[in-house]
Amino acid sequence: MTTKTLRFTLLALTATVVFTSCKGKNDTPSPNPDVPNVKHAERKDIVGKLEQITVYRYNEKGQVVSSSSATYDRQFRPLTDIYSTFKNGKFVPSVDGYYTYDLEGRLVLYKYGEVGFPGLEERYTYSDGLLVSYEEYSEKAGRNTKTVLYTNDKGKRVSSSTTEQIEGSTEKTETYSLFTYKEGKEIETIFSDKARTQKIGMVETIYDDLGRVVQREAQGTEIFGYGGSRKYHEYSEKKYGIFGESLFELNKSYDEKGAVTRSELNQITYTKYNAQGLPIEGIESGREEQNKFTIEYKFFK
């Protein structure tokens with residue numbers, strides 16, 4: 001069981017919002033050594049200018065099969081994202097998401113789900129400029145997961161948290177976490193009891209200068225509300241591009257003897273850029289598949 005971090009997975013190419021402000025920082029350009037002599041755009045080149053990104057994906061025959069479209073405000077905060085499938089000669093929206101911010105520009109609500117069906121919500125509340133609670137709510141299942149965060153380390157990271165999982169308003173499980181820091185890593189110890197005596201997990205996390213997770217290793221025992229449990233050991237790495245998109249994501253799972261039981265690599269390689277240095281074509285690789293995609297942009301007038 002790992003600490004919740006904001007993540008938006010509807011689009012392979014979309015901005016990633018983090019808890020802390022990133023003003024004055026640039027994302028790493030999205031490079032490709034196979035495309036020489038192209039000056040790749042940086043985040044400062046698109047903030048306040050780029051209004052919409054649309055990604056089109058193709059099958060092995062070169063036929064378009066789906067699209068993902070994301071819109072942004074002038075601070076490059078995501079406003080909407082829509083995933084559509086191509087059927088009978090037109091794009092049909094199947095999954096969508098909507099973002100709401102407070103007057104300080106902080107995310108307070110993210111609603112997403114399958115079009116025409118009950119959706120999911122992620123809710124955030126703040127106090128003195130710091131995140132103090134995070135909630136997930138499923139309209140379909142009537143299930144609410146609430147994480148209450150207590151911050152007393154000058155807002156760098158949460159120093160403790162309590163998570164409650166409520167199913168049908170009848171069942172509830174709780175875990176408790178303590179956080180310490182060592183050589184730039186966040187060390188999270190997870191407990192199953194309020195007294196914090198029964199340790200059930202440990203997580204080590206490394207962040208980049210924008211507060212995004214770039215490496216994480218977690219192992220321990222996950223406790224379920226119905227009384228069951230399972231042991232886990234997981235490792236992940238991630239690299240980002242200028243849109244906040246995941247260029248490289250490696251996920252591994254291990255058994256109790258340390259042998260790899262699952263290894264999954266997802267990667268984006270850009271193969272063509274426009275005159276503005278923005279990628280317009282590339283390949284998505286993952287699970288032994290490679291799919292071509294193209295990108296279109298819309299700018300504020």
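This briefing looks at Glu121 and at some of the salt bridges in the structure. The model is a predicted one. A search of the whole structure turns up 12 salt bridges, and one of them pairs Lys111 with Glu121. Side chains of opposite charge can pair when their charged atoms come close.

- You will find Glu121 in strand β6, which covers residues 120-127.
- Glu121 has a relative accessible area of 12%, so it counts as buried, the cut-off being under 20%.
- Beyond its neighbours within four places in sequence, Glu121 is in contact with several residues, including Leu109, Tyr110, Glu135, Tyr137 and Glu139.
- A polar contact of 2.9 Å links the side chain of Glu121 to the side chain of Arg123.

**The Lys111–Glu121 pair**
- In this salt bridge, the closest N and O atoms of Lys111 and Glu121 are 3.8 Å apart.
- Lys111 sits in strand β5 (residues 107-114) and Glu121 in strand β6, so the pair ties together parts that are 10 residues apart in sequence.
- Lys111 is partly exposed, at 35% relative accessible area, whereas Glu121 is buried at 12%.

**Other salt bridges to look up**
- Asp208 and Arg212 meet through their side chains in a salt bridge, 2.9 Å from N to O.
- Arg212 is buried, with a relative accessible area of 8%.
- Lys272 and Glu281 also form a salt bridge, with 3.8 Å between the closest N and O atoms.
- Lys272 counts as partly exposed, at 41% relative accessibility.

- Salt bridges with shared partners join Lys111, Glu121 and Arg123 into one network.

Key: Residues numbered from 1 in each chain as written. Predicted model: local features only at pLDDT ≥ 70, side-chain atom pairs only at ≥ 80, totals over all residues. Heavy atoms only, no water. Helix = DSSP H or I, 4+ residues; strand = E, 2+ residues; numbered from the N terminus. Buried < 20%, exposed > 50% of the residue type's maximum accessible area, 1.4 Å probe, protein only. Polar contact = N/O pair within 3.5 Å; in protein donor to acceptor, adjacent residues only side chain to side chain. Contact = heavy atoms within 4.5 Å. Salt bridge = Lys/Arg side-chain N within 4 Å of Asp/Glu carboxyl O.
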